Amino acid sequence: MLTAKADFLSKIEGLQTGADAYITKPFEKAELVVRLKKILELQEKLQRYYGDEVYDQNQASTSTVAVEDALVIKIRSHILLQLNNSELSVATIAEELHLSHYQLYRKLRALTGKTLSQFIRSVRLQKAMELIKHSDLNISEIAYEVGFNDPNYFTRVFKQEYGKVPGSIRDH
């Protein structure tokens, strides 16, 4: 937030309403550049945190669970509750979370670098990986269990995500 209001209460109010930074006029160009750089670094860090690794909400300490964590946990919980529902859609999740499609897309994209459809698929594939490693279900049963209607499609997207077909994971 860039503003002429320089008093302490205005700064606190601006930060509480969601501003990532509060810069008063007149401002130094160097300060603005550094703050923007740090905000972008934080966004990249959040995307790596939520996007690249299997996010386990049980591993997050209470001190690290922020508003962002709460949203991702809530979305992930909705997906897991309806995991075998192949008709699970962006509209359904947006409605359950009382957010517009655009808000949900924008927030999740900023946090994870993924669209909601990509995030749903990622959660499904993470659960499939867990089932492959720890259950006796065959690959087709796992595909249906995690919400894929076509085991061949499941195998293709699994290979895209993990670089290996599901059967090769179980063989190890």
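## The protein as a whole

A residue counts as buried when its relative accessible area is under 20%, as exposed when that area is over 50%, and as partly exposed in between, with a 1.4 Å probe and protein chains only. The structure is a predicted model, so local features need pLDDT of at least 70 and side-chain atom pairs count only at pLDDT 80 or more, while totals for chains, interfaces and linings use all residues. Residues are numbered from 1 along each chain as its sequence is written, and side-chain values use heavy atoms, with hydrogens and water left out.

The protein has 9 helices and 2 strands; these are DSSP runs numbered from the N terminus (helices are H or I with at least four residues, strands are E with at least two). Contact here means heavy atoms within 4.5 Å. Among contacts between residues at least 6 apart in sequence, 46% join residues at least 24 apart. The accessible surface comes to about 11,200 Å², and 52% of that belongs to carbon and sulfur atoms; the areas come from the Shrake-Rupley method with a 1.4 Å probe, and for residues only the protein chains shown count as cover.

## Where H5 meets H6

Let us look at one pair of helices. The axes of helix H5 (residues 101-112) and helix H6 (residues 116-134) come within 9 Å and cross at roughly 55°. That makes H5 oblique to H6, since angles under 35 degrees count as roughly parallel, over 145 as roughly antiparallel, 65 to 115 as roughly perpendicular and the rest as oblique. The axes are lines fitted to C-alpha atoms, for helices over the stretch in contact, and the angles run from 0 to 180 degrees between N-to-C directions.

On the H5 side, the contact is made by Leu 104, Leu 108, Arg 109 and Thr 112, and on the H6 side by Leu 116, Gln 118 and Phe 119. These residues divide into 4 nonpolar, 2 polar and 1 charged. In this scheme Ala, Val, Leu, Ile, Met, Phe, Trp, Tyr, Cys and Pro are nonpolar, Asp, Glu, Lys and Arg are charged, and the others, Gly among them, are polar.

A search of the whole structure finds 4 aromatic pairs. Rings of Phe, Tyr and Trp (its six-membered ring) pair if their centres lie within 6.5 Å; planes under 30 degrees apart count as stacked, over 60 as edge-to-face and the rest as tilted. Phe 154 and Phe 158 form a tilted pair, 5.7 Å centre to centre with 50° between the planes. Both lie in helix H8 (residues 151-162), 4 residues apart, or about one turn of the helix.

Phe 158 also forms a tilted pair with Tyr 162, at 4.8 Å centre to centre and 50° between the planes. Phe 158 and Tyr 162 are likewise 4 residues apart in H8, about one turn of the helix. Phe 154 and Phe 158 are both buried, Phe 158 with a relative accessible area of 0%. Tyr 162, at 27% relative accessibility, counts as partly exposed. Ring pairs link Phe 148, Tyr 153, Phe 154, Phe 158 and Tyr 162 into a cluster.

Val 123 lies in helix H6 and is buried, with a relative accessible area of 1%. Leaving aside neighbours within four places in sequence, Val 123 is in contact with Arg 76, Ile 79 and Leu 80. Val 123 and Ser 77 are 46 residues apart in sequence and 9.8 Å apart in space, C-alpha to C-alpha. Gln 82 sits in the loop between helix H3 (67-81) and helix H4 (90-97), and at 19% relative accessibility it counts as buried. With neighbours within four places set aside, Gln 82 is in contact with Leu 88, Thr 92 and Glu 96.

His 98 is found in the loop between H4 and H5 and is exposed, with a relative accessible area of 72%. Most residues other than glycine have a negative phi. His 98 has a positive phi of about 60° although it is not a glycine.
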